[in-house]
Amino acid sequence: MTSAAANETYRAVILIWSVGAIISTLELLSLRAHFAPGRLFAWTLVRRRLARGEHFRSLLDALLARGFTGLLVTRLVAVVALALTPKVSALLNVSFAVVLVTTLLLLLRFEWGKDGSDQMSTVVLIAIYIGFGPISDDFLQKASLAFISAQTCLAYGVAGVAKLVSPIWRSGSALALILDTSTYGSAGAAAALRQHDGVGRILTRSVVAAEVAFGLGLVFLLPAPLAWTLLAWGVAFHVATAVLMGLNTFLWAFVSTYPAIIYIHSLLWT
Amino acid sequence: MTIFVHAAVVAFFGLWLVATLIKQARTPWAHVVQRHDRLSIVPQWTFFAPNPGRSDLHILYRDRRADGCYTAWTEMNTTSARSPWSWLWNPRKRVRKAISDAVGALASIPQSEVGPEIMVSRAYLMLLSTVCSAERPVDARYREFVIAATDRTDPDAVPRVRLRSALHPL
């Protein structure tokens, strides 16, 4: 595998990742009112957790309270620049650094309200920065793509095993129960699963089976057509959870890791 | 020089993977990882498992007026139906998740250890902030709130009260 293949993989990862980052940044901008004093995400509450030393506190006040909208706009511009800059350049390095710093600051800003897509986005961003940022070389590129692939398999594997030990998931009723909530559900899908409970059981158990398969590393051990089937299941799964459960940013965060998996699979099979 | 950079990166990625593995089980080691992970970069991957969320959380509040009478309970708009575009655009999920996380943090405290000091916890203060930001009558003097969980699969079931606040001056 050439460095060109690794660079193409990087472009694919960063393009898919950027879509999710743009959506989540715009969503945060639309929630600006919730960041005001006395509201759900009031800075004064978060500050109690972080406050250390006067200078650090003043810096955080400036960035995460008074300048929070500016921080989000800066991140948005930097993500767009990162997605649109194809070749190694000063602009790419600057955008990369700005996206990384603003992402880490956002992690500090939220104690609650983050989800798995934020976690996977962070994993991908930090790893890809190490592999393809200013200190990039052939070894670091491969190491970062291998790490992203390993975290993805770990994510699905842990989720699969946690479901496997759960009687509700093993019984096949979990999906119908989740879809019957207002928070993560879909009234139409829940009603359909109630009418056809056999379908619900098959779908629930297929989620457990596929996640465990990822966890066992089958996506690397199986030959290309079968491995791609597992990835196709992953795309379909995330599209379904976006449509039925409103988990819109999981799709971009998790699918952005698939080019890395394909790259590592190709390394192992050639 | 390069070999040291490579070794450092491999060690960093390895440590991150090990920390991620440790964090997945509810052990004292997981708490150690959590305590040292100030940026929350070590993920928790047990989505909807082992216990899938089967209930919806509702925040209700009422005010005590200047004459001592209470207003009726009002529900905050936190579980409103998702828009048809939520597959693409769903900012409200972060609000719902924050409330659910805060309630989860408070619920995780053993009942025997719950005392008035819970009111200075960040989770409680966050919920109180949210509730107090809702509109109020001009003569409202105090506000209290409850977090209740309902189960759509059992519409006849009585909502379970997960948290009842003290009466707070407005």
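**Helix H10 and its surroundings in chain A**

The buried residues of helix H10 (residues 187-195) of chain A are Ala189(A), Ala190(A) and Leu193(A). Seen down the axis of H10(A), these buried residues fall within an arc of 100°, so they line one face of the helix; the arc is that of the directions from the helix axis to the C-beta atoms. On the other side of H10(A), the exposed residues are Ala187(A), Gly188(A), Ala191(A) and Gln195(A). A residue is called buried if 20 or more other C-beta atoms lie within 10 Å of its own, exposed if 12 or fewer, and partly exposed in between, with C-beta atoms placed from the backbone. Helices (H or I, at least four residues) and strands (E, at least two) are DSSP runs, numbered from the N terminus.

This is a predicted model, in which local features need pLDDT of at least 70, side-chain atom pairs count only at pLDDT 80 or more, and totals for chains, interfaces and linings use all residues. Residues are numbered from 1 along each chain as its sequence is written, while chains are lettered from A and ligands numbered from 1 in the order in which they are written.

The buried residues of H10(A) pack against helix H9 (174-179), helix H11 (197-215) and helix H13 (224-245) of chain A. Two residues are in contact if their C-beta atoms, placed from the backbone, lie within 7 Å.

Leu177(A) sits in helix H9 of chain A. Leu177(A) is buried, because 24 other C-beta atoms lie within 10 Å. Between Leu177(A) and Ala190(A) there are 7.7 Å, C-alpha to C-alpha, although they are 13 residues apart in sequence. Neighbours within four places in sequence aside, Leu177(A) is in contact with Ile168(A), and also with Pro52(B), Arg54(B) and Thr153(B). Ser171(A), in helix H8 (residues 167-171) of chain A, counts as exposed because it has 12 C-beta neighbours inside 10 Å.

H13(A) contributes Ala224(A), Ala227(A), Leu231(A) and Gly234(A) to the contact, and H15(A) contributes Tyr258(A), Ile261(A), His265(A) and Trp269(A).

Taken whole, chain A has 15 helices and 0 strands. Of its 270 residues, 45% are buried. Among contacts in chain A with a separation of 6 or more, 68% join residues 24 or more positions apart. The C-alpha atoms of chain A fill a box of roughly 60 × 50 × 30 Å along the principal axes.

Chain B meets chain A through 50 residues of chain B in contact with 56 residues of chain A. On the chain B side, helix H1 (2-23), helix H3 (92-107) and helix H4 (122-132) are the elements that give two or more residues. H3(B) supplies the largest share, 8 residues.
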